[in-house]
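My notebook is open and I want to look through this one chain by chain. Here is what I am working from.

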Amino acid sequence: MVAVAIAETDRPTAVGASLNVEGVSHAFDIDGAALPVLNDVSFNVRPGEFVALLGPSGCGKSTLLRLVAGLEPPRSGALFEDGRPIKGPFPSRVVVFQDPTLFPWRTVWKNVALGLEAQGVLKSQRPRVDAALDLVGLSAFRNAYPHQLSGGMAQRVALARALVNNPRILILDEPLGKLDSLTRISMQAEIAALWQRSGFTTLMVTHDVEEAVFMANRVIVFSDRPALIKANMTVDRPFPRHRGDPKLAELRSNILGLLGLDANW
Amino acid sequence: MSTYSTGSKTPALARSAGDKAAAASHSLSFPISVAKNASGALAGLAWTGFGLSCLLWQDLGDWSRTHDMAIASFVFAGGILTATLFGRFGGGLQSRAPWLLAFGLFLTIWEIATAKFAWLPLPFFPPPQAIVEVYTDDWPKLLASTVASVKLQLVGYALGAAIGFLTGVLIGWSRAVGYWVHPALRFIGPLPATAWLPFALFMFPSSWSASTFLIALATGFPVTVLTWSGVASVSNAYYDVARTLGAKPSFLVLKVAIPAALPHVFVGLFMGLGSSFAVLVVAEMMGVKAGLGWYLQWAQGWAAYANMYAALIVMSLLCSGAITLLFRTRDRLLVWQKGVVKW
């Protein structure tokens, strides 16, 4: 009995949550006119799944992520984390943005500690910060300031800053969009491996079709603004994946076709 | 055979090229070191010249410190020369040698042009020994004035900076506070603080509290405006990041808005310091019966121009010291910023 109880509490808390997006529509006010960006979008993400959102630039994918993060409420519809409605930001859903947006006045260590400090638990949980820095391989840079880091290193710090909170849903908004292609390729594999190990649910917006099929369990393709779901495809290949996998290549050309870019392939 | 000969030639060539380079660097570094030593030696000579210029001719006026000053300048010149000769010219002193030289020359010319030949009209241009005499003979009054000025400036500036900072954060953060305070700020702020002098003198119980108020006002306006603009210009992305990590509003203000706005705040503190100096002097000249501004006024009333110059020098050292202190503080707090204004 006791042993079972211990096993229960010892289980990692970073187990993925489910996410339900139900009939969500959203619009922006631009010069008094409402510009619709999301139109009745519904989909479900199972706990621990990695879902990539693909779509033309400016179609409202990033807006959808802001709604999932709870940074804005939707105009209509609702979002649920593990069946509970999302009403505001909460550290169980952490976002990594396209820009690392590290706080320039804080050292790397203090940037990673940000979440724990904001939640008032930093004093008792300092080793978690060190562990998160270890995880992204930047322990040697703990006392560096953000302006001393390369783009890839800064984004790794941003990733550590998210992961230190043991998120149940990790929200990635084009996290590798501004990195050079070599860094990007190595970080794609790193993030996929981290996700495999930790078991959190991941929702990632990207413009890169290859990145989406390489990393995700499922790819949701959006139409142009206002965004509608055009396709919902399962990427049924085991991890670790190989970039030369012909199945992935096939899937990629299918998706490019859906986005109207098949003429180039 | 041919391969062998080329093989032996190349290192020889390389060696001779290396020798030439070494010789070139010698011939380059030699005049530089001579020039450095020379400017030290010349500085020593200039200060010797200053001492001699004090003794060679008779003073045109009645100054008691001419002889002491000459001795002091000989001692100083001796110090410079010994340090130069024995290579103890430390890095700091060495880089300042040209300045020492220029200053020694300036003092010599000044001495000759005033005390010895009166090329400059005398009461208005006192010689160096007259100013030295103020420091040696009138120091109690000068010191008391300096203490009074520093006290007034410190209290007024600290009050103004604190109130300005708080107001700026409040306006930048709260729309409601901004709605009420912003128009008042626009109406009152640009008014020079000295324009409030008559009002302040009858509103406050003492001229000291009135002056404190004016200095605080002069400091507070730029600090408020720049703190406010700093808080208002913080990128929303920072707030988004902090909010998703579980930050409460107090965290957003204290740990996001204020640190991000600090570079702006320091610009405001710097501008406030400048305008508060002006107010300090005016307030002391008009109302307060103490301080360096009052000393200036008093010296001018007695046509004691040497005292005036002596007070001006103290004042300039104090203002420059205050600004240096502010910049040092900023550099410590904002190490994360690169390439900011130097002082």
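First, a term: helices (H or I, at least four residues) and strands (E, at least two) are DSSP runs, numbered from the N terminus. With that, I read chain B from the N terminus on and got α-α-α-α-α-α-α-α-α-α-α-α-α. The count is 13 helices and 0 strands.

Ground rules before going on. This is a predicted model, where local features need pLDDT of at least 70, side-chain atom pairs count only at pLDDT 80 or more, and totals for chains, interfaces and linings use all residues. Residues are numbered from 1 along each chain as its sequence is written, chains are lettered from A and ligands numbered from 1 in the order in which they are written, and side-chain values use heavy atoms, with hydrogens and water left out.

**Chain B, inside and out**

I looked up burial (buried is under 20% relative accessible area, exposed over 50%, partly exposed in between, with a 1.4 Å probe and protein chains only). Of the 343 residues in chain B, 39% are buried. For the surface I used accessible areas (Shrake-Rupley method, 1.4 Å probe; for residues, only the protein chains shown count as cover). Chain B exposes about 19,100 Å², and 73% of that comes from carbon and sulfur atoms.

Which helix gives the most to the nonpolar patch? I found helix α6 of chain B (residues 139–173), with 5 residues. The patch covers about 570 Å², and its members include B:Val150, B:Trp208 and B:Leu318. B:Val150 counts as partly exposed because its relative accessibility is 33%.

**Chain A, the sheet**

Chain A has 9 helices and 10 strands, and 51% of its 265 residues are buried. Four of the strands make an open antiparallel sheet, in the order β2-β1-β4-β5. β2 (33–45) and β5 (84–85) of chain A are at the edges with a single partner strand each, so one side of each has no neighbour in the sheet. Strands pair if DSSP finds at least two bridges between them; β4 (residues 76–81) and β5 of chain A have 2. A:Phe80 stands opposite A:Pro85 in β5(A).

How values were computed
Patches are made of residues with over 30% relative accessible area and no salt bridge: like charges are joined within 9 Å, nonpolar side chains (Val, Leu, Ile, Met, Phe, Trp, Tyr) within 5 Å. A salt bridge is a side-chain nitrogen of Lys or Arg within 4 Å of a carboxyl oxygen of Asp or Glu.
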